[in-house]
Amino acid sequence: MEAPDFVALAQPGIRALRAYDPGLDLVALRRADAAGVLVELGSNENSHGPSPAARAAILDSLHALHRYPDPLGGDLKRALAARHGVDVARIALGNGSHELLMMLAQVFAGPGLDVVASRYGFAVYALAAQAAGATLQLAAPLPAGDPMARGHDLQALRAAIGPASRLVYLANPNNPTGTWFPTAALEAFLASVPPGVIVVVDEAYLEYATDPALVSAVSLLDRFPNLVVTRTFSKGYALAALRVGYLLAAPGLVAVLERVRESFNVNGPGLAACEAALADADHLAWVRAKNAAEREALQDALRARALAVSPSQTNFLLVDFGRDAAAIEAGLVARGVVPRPMGGYGLPTCLRITVGTRDENRRFLQALDEVLA
Ligand SMILES: *Cc1c(COP(=O)(O)O)cnc(C)c1O
């Protein structure tokens with residue numbers, strides 16, 4: 001029997017969808033890297049590693065591998081509530097924040113409705129909008145010449161919001177640009193948005209921020225019931241393998257999301273490790289300081305090579321080579337350094353480089369010098 005045309009059978013939003021592109025094939029690259037010296041700077045992972053307390057909590061959780069985890073994630077939620085000074089009813093846990101970003105569109109977007117995002121934003125926003133069958137409205141970024149060029153233009157985002165808009169996704173700081181806007185600017189933006197439009201502020205990189213003008217939007221939740229803040233344990237907490245993220249929002253919004261949440265969407269070792277990681281404030285502060293120092297050093301080193309580097313409050317740098325970067329990317333990979341190609345983001349002259357350890361950054365620069373020579 002001939003297989004049916006499964007694409008034609010799929011829902012309209014899915015037909016036009018392309019699966020999330022995770023970048024270069026790391027499994028194949030690692031297999032080919034017999035010496036084990038691959039420098040992986042493609043996925044904004046935290047090279048400094050998680051809190052030792054998180055590792056200990058995972059080991060401790062293994063006695064219960066045959067049990068389902070707490071379906072409510074109660075202990076972790078209470079720890080998060082205490083950390084952020086909010087009620088537990090404001091928190092939802094996700095299998096990574098990716099899952100929560102998808103759920104938000106599943107619940108609030110749909111055919112005939114708009115989802116608004118910036119031209120250079122996280123690829124998952126477009127995926128979420130399309131999968132829900134909604135129309136993605138892309139707002140122009142800040143123009144060349146602006147210090148935060150290619151970052152979010154909050155005025156353009158506001159102008160892109162229309163009567164059919166239900167959701168706005170914006171990351172602060174932003175991926176893939178690394179740029180940010182002050183929390184005061186977000187406050188003014190939120191005040192201008194109609195209450196029926198849900199504004200999702202993705203703070204995946206907030207743990208890395210060192211600019212005092214950039215603080216979490218969590219402080220604005222009381223004033224703006226249409227605000228959703230998403231966070232993750234994948235970046236600053238260095239627990240990407242566990243897939244744990246969370247969001248903070250109005251209790252009513254959380255309650256509606258809970259209707260579509262998969263039962264047991266967060267695994268037991270993940271719940272235990274994140275609770276332990278959250279309690280280790282010293283480790284997080286160490287990571288932040290270490291990353292900030294390396295970020296600045298790497299930025300300086302790249303600019304000293306006359307390369308255009310976007311300002312960043314994250315653990316990565318967007319580097320513009322002013323010409324198609326595919327050959328540079330290939331040259332780096334051939335030398336065992338893995339960057340993130342940006343063609344899929346519409347930035348073919350750029351590469352996104354995770355800020356690694358001092359040694360990783362040194363090896364990246366050495367490979368880059370060879371490639372550019
Ligand atoms: C890495 C990242 C996330 C985190 O995804 P998880 O699913 O929590 O691992 C979310 N948003 C942005 C912008 C990111 O870069």
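D320 and R150 form a salt bridge in which the closest N and O atoms are 2.8 Å apart; a salt bridge is a side-chain nitrogen of Lys or Arg within 4 Å of a carboxyl oxygen of Asp or Glu. The model is predicted, with local features needing pLDDT of at least 70 and side-chain atom pairs pLDDT 80 or more, while totals for chains, interfaces and linings use all residues. Residues are numbered from 1 along each chain as its sequence is written, and side-chain values use heavy atoms, with hydrogens and water left out.

**Exercise 1.** Describe the boundary between domain 1 and domain 2.

Step 1. Domain 1 covers 6-49 + 282-372, and domain 2 covers 52-280; these bounds come from an automatic or database domain assignment.

Step 2. Contact (heavy atoms within 4.5 Å) involves 33 residues of domain 1 and 34 residues of domain 2.

Step 3. About 2900 Å² is buried between the two domains, 61% of it on carbon and sulfur atoms. Buried area is the accessible area (1.4 Å probe) that two parts lose on being put together, summed over both. In domain 1, the residues losing the most area to domain 2 are L284, Q313 and Y345, together 24% of what that side buries.

Step 4. The count of salt bridges between domain 1 and domain 2 is one.

**Exercise 2.** Find the backbone features at R150, P173 and P176.

Step 1. Most residues other than glycine have a negative phi, and most peptide bonds are trans.

Step 2. R150 is not a glycine, yet has a positive phi of about 80°. R150 lies in the loop between strand 4 (135-139) and helix 8 (154-160).

Step 3. N172 and P173 are joined by a cis peptide bond, with omega about 0°. A cis peptide bond also joins N175 and P176, with omega about 15°.

Step 4. P173 is in the loop between strand 5 (165-171) and helix 9 (183-192), and P176 is in the loop between strand 5 and helix 9.

Conventions. Helices (H or I, at least four residues) and strands (E, at least two) are DSSP runs, numbered from the N terminus.
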